[in-house]
Amino acid sequence: MPGEERTELPPGLDLLWGRRGQGKRGPRPGLSTDQIVDAAIRLADAEGLEAVSMARVAAELGFTTMSLYRYVASKEELLQLMWNASALSSEKMVLEAGSWRPRLRMWAEVQHAVIDRHPWITQMPMAAPPLSPNSLAFVERGLEALDGTGLADGDKLRIIGLLSSYTLQEARMAHDARRAAREQAARERATAAGGGHPAPPWTFEALLRELVDERTYPRLHRLAWTPPPGDPPTEREQFLFGVDTILDGVQVLIDRHDQGY
């Protein structure tokens, strides 16, 4: 409320929300917080989150590590700034017209696309939901997609959280699978260069056929030995199958609300 004293925010959030007072150390000419965050994101995009350190980011920018601390208090704070930057322009996102379902489906696809561009997001520590300005703007767009459904605000927020958790988990598995494939390819090249013959990589289905017997695991055995019809689904098709299944459940909640349950 106007006139009320504002609560002091935790480190990182105070910077993101413009609540941090001027420190004793002045800014370093030729450097800015945006430059630091951009350099950290470039490193993470290229080499993963483990490549990001205050020293490495400073070296990329041609400054000393201490120069960065005039702008960013710690690596943990830098990670918060990176997370916020990854959701840039969320407040400008316009969901397509129509019912809640295509709007919310589009919202999930946008989140998936952001993680595809910045796979290091799957490595971010998440002890609590992100509270940066851009992250909250993205959540606001998701809640907006559910306008007119009649659902309680708390249920809407839980639906958004469920979709986000699913999207993040799917993206993490896809990222880890791609990284494992690259590492396997590198091992095969090294073996071939040494004159050896690399063993073919195991697939999930091949491992199932090797491990499960029909009596103990009849359903898994059937999955392992029954060829799927047509081409296997793409990563995007598998992701959207899960999204649509979640949205089917949301429709059930809406129907129950409309019927007075």
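Me: How many salt bridges does the structure hold?

Reply: Side chains of opposite charge can pair when their charged atoms come close. A salt bridge is counted where a side-chain nitrogen of Lys or Arg lies within 4 Å of a carboxyl oxygen of Asp or Glu. By that criterion this predicted model holds eleven salt bridges.

Me: What conventions apply to the model and its numbering?

Reply: Residues are numbered from 1 along each chain as its sequence is written, and side-chain values use heavy atoms, with hydrogens and water left out. As this is a predicted model, local features need pLDDT of at least 70 and side-chain atom pairs count only at pLDDT 80 or more, while totals for chains, interfaces and linings use all residues.

Me: Which residue meets Asp 244 in a salt bridge?

Reply: The side chain of Asp 244 meets that of Arg 101, at 4.0 Å from N to O. Asp 244 belongs to helix 11 and Arg 101 to helix 6 (residues 100-117), so the pair ties together parts that are 143 residues apart in sequence. Helices (H or I, at least four residues) are DSSP runs, numbered from the N terminus.

Me: Which residue meets Glu 109 in a salt bridge?

Reply: Glu 109 pairs with Arg 236, with 2.4 Å from N to O. This pair links distant parts of the chain, with Glu 109 in helix 6 and Arg 236 in helix 11, 127 residues apart. Glu 109 is partly exposed at 25% relative accessible area, and Arg 236 is partly exposed at 49%.

Me: Where do Glu 235 and Arg 178 lie?

Reply: Glu 235 is in helix 11 and Arg 178 in helix 8, 57 residues apart. The two form a salt bridge whose closest N and O atoms are 3.0 Å apart. Glu 235 has a relative accessible area of 33% and is partly exposed; Arg 178 is likewise partly exposed, at 33%. Elsewhere, salt bridges that share partners join Arg 101, Arg 105, Glu 109, Arg 236, Asp 244 and Asp 248 into one network.

Me: Which residues touch the most other members of the largest nonpolar core?

Reply: A nonpolar core is a set of buried Ala, Val, Leu, Ile, Met, Phe, Trp, Tyr and Cys residues joined through side-chain atoms within 4.5 Å. The largest one has 30 residues, of which Ile 36, Val 52, Val 57, Leu 78, Met 82 and Trp 120 touch the most other members. Helix 1, helix 2 (33-47), helix 3, helix 5 (75-86), helix 6 and helix 8 each supply at least two residues of this core. Helix 2 gives the most, with seven residues.

Me: What is the volume of the second largest pocket, and which residues lie nearest its centre?

Reply: Rolling a probe the size of a water molecule over the atoms shows where empty space is left. On a 1 Å grid over the protein atoms alone, a pocket is an open set of points where a 1.4 Å probe fits, with protein on both sides within 12 Å along at least five of seven lines; lining residues have an atom within 4 Å of a point. Grid points are joined across faces, edges and corners, and a volume is the space filled by probe spheres set on the points. The second largest pocket has a volume of about 570 Å³. Its lining has 18 residues, of which Met 173, Ala 174, Ala 177, Phe 204 and Gln 238 lie nearest the centre. Helix 8, helix 9 (204-211) and helix 11 (235-258) are the elements that give two or more residues to this lining, and helix 8 provides the largest share, eight residues.

Me: Where does confidence stand highest and lowest among the helices?

Reply: pLDDT is the predictor's confidence in each residue, from 0 to 100. Where pLDDT is low, the predicted coordinates should not be read in detail. In the protein chain, the mean pLDDT is 86, and 91% of residues reach 70 or more. Confidence is lowest in helix 1 (residues 13-16), at a mean of 84, and highest in helix 3 (residues 54-61), at 96.

Terms used
Buried means under 20% relative accessible area, exposed over 50%, partly exposed in between (1.4 Å probe, protein chains only).
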